[in-house]
Amino acid sequence: MKNIYGYTLEKLEAYFESIGEKKFKAVQVFEWLYKKRVKSFDEMANIKKETIEKMKNDFLMESPVITTKKVGKDVCKYLFTLEDNEHVEAVLMFHDYGNSLCVSTQVGCNMGCKFCESGRRRKVRDLKVEEMVLQLLRIEEDLNKRITHVVLMGIGEPFDNYENVIDFIDILNTGKGIDLGARHITISTSGILPKIRMFMETKKQVNLAISLHAPTNDIRNKIMPINQAYPLEELIPTLKEYIKKTNRRLTFEYILLDGINDTEECAMKLACLIKGMNAYVNLIPYNETSHIEFKKSKSENIQKFYDLLKEKNIQVTIRREFGSEVDAACGQLRSKYEEA
């Protein structure tokens with residue numbers, strides 16, 4: 001049996017037509033699920049009993065279990081246990097502009113980025129659509145707060161789970177569903193070029209963030225194995241094509257690692273690499289973990305890196321630090337729980 005939270009509105013319309021019902025039933029069900037947040041099919045008062053029974057035979061409504069919740073300053077981190085006893089994380093960050101949820105898209109990750117706890121544990125499987133949707137629903141229920149922004153930057157590479165991620169975004173964005181504006185949704189990718197090209201053809205107004213983390217192939221090859229498949233001389237032209245085709249601004253994510261990619265030379269090379277692109281750089285102080293040898297850049301080096309980019313007329317921000325006290329590094333809480 002499939003979980004009903006894994007169905008987009010379009011797919012649910014097709015289901016109702018397949019059982020001889022009018023497709024508008026899908027809109028009614030979506031409103032019960034996402035507007036009224038019912039917990040059982042029997043609560044759907046405007047759906048006839050025969051249809052309810054059919055849905056109960058065809059669909060599940062089970063949710064992942066919140067196993068651990070850690071609360072820090074302006075941040076809550078959740079560990080979920082899935083139906084097969086695997087675990088994923090989600091992090092809710094409270095900003096002045098709203099409540100931003102970082103969701104996971106896979107159990108583990110095959111990208112193997114050397115600085116990332118998720119990559120150390122490797123990929124077990126993709127998350128199903130409903131397992132992404134229910135991260136948001138369970139956290140909203142737990143905190144009784146509306147999530148206003150979603151970033152797909154948790155455990156996993158979103159474009160390595162492309163079809164499920166696209167369905168998840170559709171459910172987030174559908175007016176009759178969760179009704180989150182496309183420009184409040186951000187997908188982060190390490191640079192899987194075929195999927196970036198597919199994504200630009202969808203013409204979705206969702207934000208795209210690129211995990212760059214290095215201005216040269218030499219450095220990026222050492223810390224991000226994906227660069228050996230899709231090096232910078234292929235990645236950057238593809239991103240320029242994306243910007244031209246979508247007329248959307250890109251974000252370059254850049255985690256600063258002490259002595260690795262935080263030098264003045266790296267800042268100058270980064271400025272040259274992305275000069276003229278409709279993009280900005282998000283400098284990210286590193287969350288250290290006990291299993292990985294990389295260290296956070298010194299504060300003065302982070303500031304100098306920022307200043308050099310500004311001098312070269314690159315739009316740049318330094319991301320506010322969140323959650324070092326709640327194991328906020330991607331995959332860290334999952335690792336600690338499972339390895340304990």
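Residues are numbered from 1 along each chain as its sequence is written, and side-chain values use heavy atoms, with hydrogens and water left out. Because the model is predicted, local features need pLDDT of at least 70 and side-chain atom pairs count only at pLDDT 80 or more, while totals for chains, interfaces and linings use all residues.

**Exercise 1. Describe the setting of His 213: where does His 213 lie, and is His 213 buried or exposed?**

Step 1. Find the element. Helices (H or I, at least four residues) and strands (E, at least two) are DSSP runs, numbered from the N terminus. His 213 lies in the loop between β11 (207-211) and α8 (217-223).

Step 2. Classify the accessibility. Buried means under 20% relative accessible area, exposed over 50%, and partly exposed in between, with a 1.4 Å probe and protein chains only. His 213 is buried, because its relative accessibility is 4%.

Step 3. List the contacts (heavy atoms within 4.5 Å). Not counting residues up to four places away in sequence, His 213 touches Phe 115, Ile 223, Met 224, Glu 253, Tyr 254, Ile 255 and Asn 261.

Step 4. Look for polar contacts. A polar contact is a pair of N or O atoms within 3.5 Å; within protein, one must be able to donate a hydrogen and the other to accept it, and residues adjacent in sequence count only if both atoms are side-chain atoms. The side chain of His 213 reaches the backbone nitrogen of Ile 255 at 2.9 Å. A polar atom of that side chain also lies 3.3 Å from the backbone oxygen of Glu 253.

Step 5. Check the backbone. Phi of His 213 is positive, about 65°, although His 213 is not a glycine.

**Exercise 2. Describe Arg 37: what is its phi, and where does Arg 37 lie?**

Step 1. Arg 37 has a positive phi near 55° and is a residue other than glycine.

Step 2. Its place is the loop between α2 (24-35) and α3 (49-58).

Step 3. Arg 37 counts as partly exposed because its relative accessible area is 28%.

**Exercise 3. Examine the nonpolar cores: which residues of the largest nonpolar core touch the most other members?**

Step 1. A nonpolar core is a set of buried Ala, Val, Leu, Ile, Met, Phe, Trp, Tyr and Cys residues joined through side-chain atoms within 4.5 Å.

Step 2. The largest nonpolar core has 107 residues, and those touching the most other members are Ile 4, Leu 12, Met 44, Phe 115, Leu 250, Phe 252 and Val 281. Helix α5 gives the most to this core, with eight residues.

Step 3. Take Leu 12 as an example. Leaving aside neighbours within four places in sequence, Leu 12 is in contact with Ile 4, Tyr 7, Ala 26, Val 29, Phe 30 and Phe 59.

**Exercise 4. Describe Ile 139: which residues does Ile 139 touch, not counting residues up to four places away in sequence?**

Step 1. Ile 139 is found in helix α5. Its relative accessibility is 1%, so Ile 139 counts as buried.

Step 2. Outside that sequence range, Ile 139 touches Tyr 78, Phe 80, Ala 90, Leu 92, Leu 101, Asn 144 and Ile 147.

Step 3. Cys 266 is 127 residues from Ile 139 in sequence, and the two are 39 Å apart in space, C-alpha to C-alpha.
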